[in-house]
Amino acid sequence: MDKELHLKLTIRLYTDDNRRCFGPGIATLLERVREHRSLRAAAASMEMAYSKAWRIIRTAEEVFGCKMLDSTTGGRHGGGASLTPEAEQLLTAYRRYQSGVEKYAQGAFEETFGSYRRAKQKKQGGEAV
């Protein structure tokens with residue numbers, strides 16, 4: 001093997017009818033809304049259409065039964081958006097769960113595939129990790 005192995009996980013939440021409702025995309029979108037204080041700016045920073053951003057937000061709101069954003073319309077200082085307390089809690093829970101799963105999975109990956117990685121390093125004259 002001449003390529004380094006690494007693990008990449010994606011955690012997505014689905015409804016019982018198999019509809020995607022939360023994952024890395026909406027988590028990043030919510031974090032960007034927090035940063036930019038605007039759904040439009042958050043979507044643009046991800047090169048995502050504004051209509052798609054709203055669709056993702058509405059799906060999550062429908063599934064979780066709460067608003068994700070507090071929005072204000074334009075005016076003298078323009079509009080804006082901020083995360084609701086429920087969205088903040090959901091985002092925190094998702095990131096905490098993601099971190100725990102990744103930590104566990106990385107250990108299992110090392111245990112399962114570590115010898116393949118070490119064999120490559122020894123073959124190249126390096127030390128085993």
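1. Confidence. This is a predicted model. Its mean pLDDT is 89, and 84% of the residues reach 70 or more. Helix H1 has the highest confidence, with a mean of 97, while helix H4 (residues 85–123) has the lowest, with a mean of 88.

2. Phe22 and Phe64. The ring centres of Phe22 and Phe64 are 6.1 Å apart and the planes stand at 90°, so this pair is edge-to-face. Phe22 belongs to strand E2 (residues 20–22) and Phe64 to helix H3, so the pair ties together parts that are 42 residues apart in sequence. Phe22 counts as buried because its relative accessibility is 1%, under the 20% limit. Phe64, at 33% relative accessibility, counts as partly exposed.

3. Phe109 and Phe113. These two residues form a tilted aromatic pair, 5.5 Å centre to centre with 40° between the planes. Both Phe109 and Phe113 are in helix H4, four residues apart, which is about one turn of the helix. Phe109 is buried at 9% relative accessibility, whereas Phe113 is partly exposed with a relative accessible area of 36%.

4. Charge over a ring. Arg40 places its charged end over the ring of Tyr50, at 3.9 Å from the ring centre.

5. Positive phi at Arg37. Arg37 is not a glycine, yet its phi is positive, at about 60°. Arg37 is located in the loop between helix H1 (24–36) and helix H2 (39–45). With a relative accessible area of 53%, Arg37 is exposed, because the cut-off is over 50%.

6. A polar atom of the Ser38 side chain lies 3.0 Å from the backbone nitrogen of Ala41. Leaving aside residues up to four places away in sequence, Ser38 touches Val33 and Ala81.

7. Positive phi at Glu47. Glu47 is also not a glycine and has a positive phi, of about 55°. Glu47 is found in the loop between H2 and helix H3 (50–64). Its relative accessible area is 79%, so Glu47 is exposed.

Terms used: Residues are numbered from 1 along each chain as its sequence is written. This is a predicted model: local features need pLDDT of at least 70, side-chain atom pairs count only at pLDDT 80 or more; totals for chains, interfaces and linings use all residues. Side-chain values use heavy atoms; hydrogens and water are left out. Helices (H or I, at least four residues) and strands (E, at least two) are DSSP runs, numbered from the N terminus. Buried means under 20% relative accessible area, exposed over 50%, partly exposed in between (1.4 Å probe, protein chains only). A polar contact is a pair of N or O atoms within 3.5 Å; within protein, one must be able to donate a hydrogen and the other to accept it, and residues adjacent in sequence count only if both atoms are side-chain atoms. Contact means heavy atoms within 4.5 Å. pLDDT is the predictor's confidence in each residue, from 0 to 100. Rings of Phe, Tyr and Trp (its six-membered ring) pair if their centres lie within 6.5 Å; planes under 30 degrees apart count as stacked, over 60 as edge-to-face and the rest as tilted. A charge sits over a ring if NZ of Lys or CZ of Arg is within 6 Å of the ring centre and within 35 degrees of the ring normal.
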